[in-house]
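Have a look at the model first, and then we can walk through a few of its features together.

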Amino acid sequence: MNADIEHATSTSYSPLPDADNHHHHPPSSQRRRPVVLLSGIFISMLLFSSLIAFINQYSDPHVDEFSGDGTSSPGRHISRGVSQGVSEKSNIQLSSSDVEEIYPWTNAMLSWQRTGFHFQPPKNWMNDPNGPLYHLGWYHLFYQYNPDGAIWGNITWGHAISKDLINWFHLPFAMVPDQWYDINGVWSGSATILPDGRIIMLYTGDTDELVQVQNLAYPANLSDPLLIDWIKYPNNPVMVPPPGIGTTDFRDPTTAWVGPNGKWRVAIGAKVNKTGITLVYETKNFTSYELLEEVMHAVPGTGMWECVDFYPVSTTEPNGLDTSVNGPGIKHVLKSSLDDDKHDYYALGTYDPISNKWTPDDPELDVGIGLRLDYGKYYASKTFYDQNTQRRLLWGWIGETDSEAADILKGWSSVQTIPREVVFDKKTGTNILQWPIKEVEKLRSKSTSYQKVILEPGSLVPLDVGLATQLDILATFDIDTLSLESSLEADVGYNCTTSGGSSSRGVFGPFGLVVLADESLTEQTPVYFYIAKGTDGVANTYFCADQSKSSTAPDVTKLIYGSSVPVLHGESFSMRLLVDHSIVESFAQGGRTVITSRVYPTKAIYSAAKVFLFNNATGVTVTANVNAWNMDSAHIDYFPFGNNDS
């Protein structure tokens, strides 16, 4: 048994008082039920949390002011969200750096940053994707939204619909924080579609006493394909923090699945001290719940688990699966967003519904210590089963990596990824594959092809692809395998993040593409492979994205992202890049490893943006093949309620 869980101390939570007869107390069956393995959280941890809350309460809430010429004054870091018990929503990496000046961004620069075919609201702050579903011919996306500005706060559920997951219509807000149980935020949640077609939406609410509780909502009119109106269950909350779980450590319910007894099960992220855990509740009617005694999974040292996702993947078939499917030829993905490091981790494993235990295939690749969904700027992801096309589709929130002052100046913050189809990698058997949905290819226009381009060591080749700010690029690279096998030089301990980037040369790398570069390469974003041989002669391939020279602006985080990627015998090195202004989504080897980058060039914008092939290896010649398409913009607008086309 994990020590955190075994030796924890009980923490109490009393239902909120009903002084004005406006508050509903959960019935005794919904209140905190003793749990054998969840006896609490250390009192010292609570005192520490209280201290943090106290510090945040008295921190300066002032937001940077802007001068009349469009520049902004430097200001110190302001924390967003932590004092309310959620993950940090401002750019920690930038705030902890030595940056003292805000770059004098022009309107042209800031306007260029807005994407052409990724979903984002017209203005203001957005974060987690919530409750995606398909209903009566429309895809629905709900998302965390601040209607008042470009920073986190006043979290409301935005709502948009689409016929194809690419072109979107904005709808009125689905839910706003207007009840005692969600007055401090309508936070993340998931949709469950019942066999009779009813839609259940479970979401976390932040109460008027900053307690995280789970609430139920449902459509007012199921026959409405737009699902405009939503009803909050009058007896909310339906779940409150159980014994041993802190009042700010209980959030983000998953899509429900059916257990062996016919009851529905819902997973919720939590922690006990520094052990991240997944709790599972059982229900017959979605209004009363019982907490199962055994946690589904726990990983010491991983901290708070947010936005847990849990779903099956077929090991034999190419299609996605409904969340309730289990049996032979099935593995289960367990994913968590780690509050401590702001990354999304996943692992493949086996779920035993009788014991309610999930076991990772490889304990060394467990949740939070192994594979990540995306090695770049990516968080709070959420999948859903698209019953229309039998696909498992993945959304992810891509935050900003510039300064909060710049976000306020431009009036918006964050985008969503292009939805990705998720399948089991039958070739490796150790990971999933993520790939942009095929619908995005409808935006392809002018195509450019370069075949069998020879890249000698140290070479850089410009590619004429037209306007290079909205692109879909497919590229393959081949090297002389004989040279690789015969080389005796070892490159031990290579790591994308600490490697020195694309300018750091080795015998077999880096080689790849440079996007969003100006003519002089003062600004550039290379995405590349690097092959490193160990002392045992075994070659490992790494897939990296280097943002260190992506912008001349100082108030931008410029990290080097990446990880290893399996390249099997006989495979070319392959990558796909979706370039859309300030976001680059990069997929290696069919989606085994994925990196999302946010970049903010000051020179490589509009017609000045260029694309290059490069090979910075010292000991190998690379042959490249490139197919590139310019991408049209998606149609994203307010729904035309004057027309009856729904």
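This is a predicted model: local features need pLDDT of at least 70, side-chain atom pairs count only at pLDDT 80 or more; totals for chains, interfaces and linings use all residues.

## A strand residue and its surroundings

Strands here are DSSP runs of E with at least two residues, numbered from the N terminus.

Is Asn-630 buried or exposed? Its relative accessible area is 10%, and buried means under 20%, so Asn-630 counts as buried. The side chain of Asn-630 also reaches the backbone oxygen of Leu-467, at 2.8 Å. Leu-467 turns up again among the contacts of Asn-630 once neighbours within four places in sequence are set aside. Those contacts are Leu-443, Arg-444, Ser-445, Lys-446, Val-465, Gly-466, Leu-467, Gln-470 and Leu-471.

## The disulfide

How many disulfides does the model contain? The count comes to 1. Cys-496 and Cys-544 form a disulfide, with their sulfur atoms 2.1 Å apart. This pair links distant parts of the chain, 48 residues apart. Cys-496 sits in the loop between helix 6 (481–486) and strand 28 (508–517), while Cys-544 belongs to strand 30 (residues 539–546).

The link of Cys-496 and Cys-544 is left-handed, with -60 degrees about the S-S bond. Both cysteines, Cys-496 and Cys-544, are buried. Another cysteine, Cys-307, counts as buried because its relative accessibility is 8%.

## Strand 28 and its partners

The loop that holds Cys-496 leads us to strand 28. Why can strand 28 be called largely enclosed by the rest of the structure? The reason is that 10 of its 10 residues are buried.

Strand 28 pairs with strand 29 (residues 525–533) through 6 bridges, and the two run antiparallel. In this pairing, Gly-512 stands opposite Tyr-528 of strand 29. Strand 28 is also joined to strand 35 (residues 610–615), by 5 bridges and again in an antiparallel arrangement. Here Val-514 stands opposite Phe-612 of strand 35.

## Salt bridges

How many salt bridges does a search of the whole structure find? The search finds 26, and three of these make handy stops for our tour.

One of them brings together the side chains of Arg-198 and Asp-196, at 2.8 Å from N to O. Arg-198 counts as partly exposed because its relative accessibility is 46%, whereas Asp-196, at 51%, counts as exposed. Another salt bridge is formed by Lys-382 and Asp-309, whose closest N and O atoms are 3.5 Å apart. Lys-382 lies in strand 19 (residues 379–386) and Asp-309 in strand 15 (residues 305–314), so this pair links distant parts of the chain, 73 residues apart. Both Lys-382 and Asp-309 are buried.

## A salt-bridge network

Our last stop is the salt bridge between the side chains of Glu-400 and Lys-410, at 3.1 Å from N to O. Glu-400 lies in the loop between strand 20 (391–398) and helix 5 (404–410), and Lys-410 lies in helix 5, so the pair ties together parts that are 10 residues apart in sequence. Glu-400 is buried, and Lys-410 is buried too.

Which residues do salt bridges with shared partners join into one network here? They are Glu-400, Asp-402, Asp-407, Lys-410 and Arg-598.

Methods. Residues are numbered from 1 along each chain as its sequence is written. Side-chain values use heavy atoms; hydrogens and water are left out. A disulfide is a pair of cysteine sulfur atoms within 2.5 Å. Helices (H or I, at least four residues) and strands (E, at least two) are DSSP runs, numbered from the N terminus. Buried means under 20% relative accessible area, exposed over 50%, partly exposed in between (1.4 Å probe, protein chains only). A polar contact is a pair of N or O atoms within 3.5 Å; within protein, one must be able to donate a hydrogen and the other to accept it, and residues adjacent in sequence count only if both atoms are side-chain atoms. Contact means heavy atoms within 4.5 Å. Two strands pair if DSSP finds at least two bridges between them. A salt bridge is a side-chain nitrogen of Lys or Arg within 4 Å of a carboxyl oxygen of Asp or Glu.
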